[in-house]
Amino acid sequence: MKIIQVVATINKDSDGVNHAVRGLSRGLTRWGAKVELHCLDEIPPFAQGEPYAILNHVRTRFPIASVGRSPKMEDALKHSAQDAEIIHSNGLWMMPNIYPEWAIRGTKCKLVVQPHGTLSKWAM
């Protein structure tokens, strides 16, 4: 089974979403799944050497860097979704959380969305 994890960034070691996504990816790999984790920006040293593939994509600074626009991530997810069973989107408010829905169109891949607190009062 191929599972694609998508998260905006894994650059903060103290971030709960970061730990959840990386831990789940490790567990899925132990159960025999082929896991790809797609994120923006460079892979930090603490995330190197994981037992699953981490694919980092450069974000476009235009129009606004904070939305996480990355045509390379969009293309990579569309390609990866062709033979994946699940894309797991971690978050809601950035482009890396929009691309998975676009990527599954016309495929048998299923989408799981986990907001991780992005619907909390402070996020709204």
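Glu74 is buried, at a relative accessible area of 18%; here buried stands for under 20% relative accessible area, exposed for over 50%, and partly exposed for what falls in between, with a 1.4 Å probe and protein chains only. This residue belongs to helix α2, which covers residues 71-81. Once neighbours within four places in sequence are set aside, Glu74 is in contact with Tyr99 and Trp102, where contact denotes heavy atoms within 4.5 Å.

## Basis of the model

The model is predicted: local features need pLDDT of at least 70, side-chain atom pairs count only at pLDDT 80 or more, and totals for chains, interfaces and linings use all residues. Residues are numbered from 1 along each chain as its sequence is written, and side-chain values use heavy atoms, with hydrogens and water left out.

## Overall architecture

The protein chain contains three helices and five strands. Read from the N terminus, these elements follow the order β-α-β-β-α-β-α-β. Helices (H or I, at least four residues) and strands (E, at least two) are DSSP runs, numbered from the N terminus.

The radius of gyration of the protein chain is 14 Å, in agreement with the value near 14 Å for a compact globule of 124 residues. That radius is taken over C-alpha atoms, and the globule rule is 2.2 Å times the number of residues to the power 0.38. Along the principal axes, the C-alpha atoms occupy a box of roughly 35 × 35 × 30 Å. Among contacts in the protein chain with a separation of 6 or more, 61% involve residues 24 or more positions apart.

## Surface and charge

Of the 124 residues, 41% count as buried. The protein chain exposes about 7,100 Å², of which carbon and sulfur atoms supply 59%; accessible areas come from the Shrake-Rupley method with a 1.4 Å probe, and for residues only the protein chains shown count as cover.

There are 15 positive and 11 negative side chains in the protein chain, and the centres of the two sets lie 3 Å apart. Lys and Arg count as positive and Asp and Glu as negative, while His and the chain ends are not counted. Each charge is placed at NZ of Lys, CZ of Arg, CG of Asp or CD of Glu.

## The aromatic pair

One aromatic pair is found in a search of the whole structure. The ring centres of Tyr99 and Trp102 are 5.7 Å apart and the planes stand at 55°, so the pair is tilted. Rings of Phe, Tyr and Trp (its six-membered ring) pair if their centres lie within 6.5 Å; planes under 30 degrees apart count as stacked, over 60 as edge-to-face and the rest as tilted.

Tyr99 and Trp102 are about one helical turn apart, because they lie three residues apart in helix α3 (residues 95-104). Tyr99 counts as buried at 2% relative accessibility, whereas Trp102 is partly exposed, with a relative accessible area of 32%.

Lys34 is part of strand β2. Not counting residues up to four places away in sequence, Lys34 touches Met1, Lys2 and Ile3. Asp41 lies in the loop between β2 (34-40) and β3 (53-57); its phi is near 70°, a positive value in a residue other than glycine.

Ala76, like Glu74, is placed in helix α2. Ala76 and His38 are 38 residues apart along the chain, and their C-alpha atoms are separated by 8.6 Å. Leaving out residues up to four places away in sequence, Ala76 touches His38 and His57.
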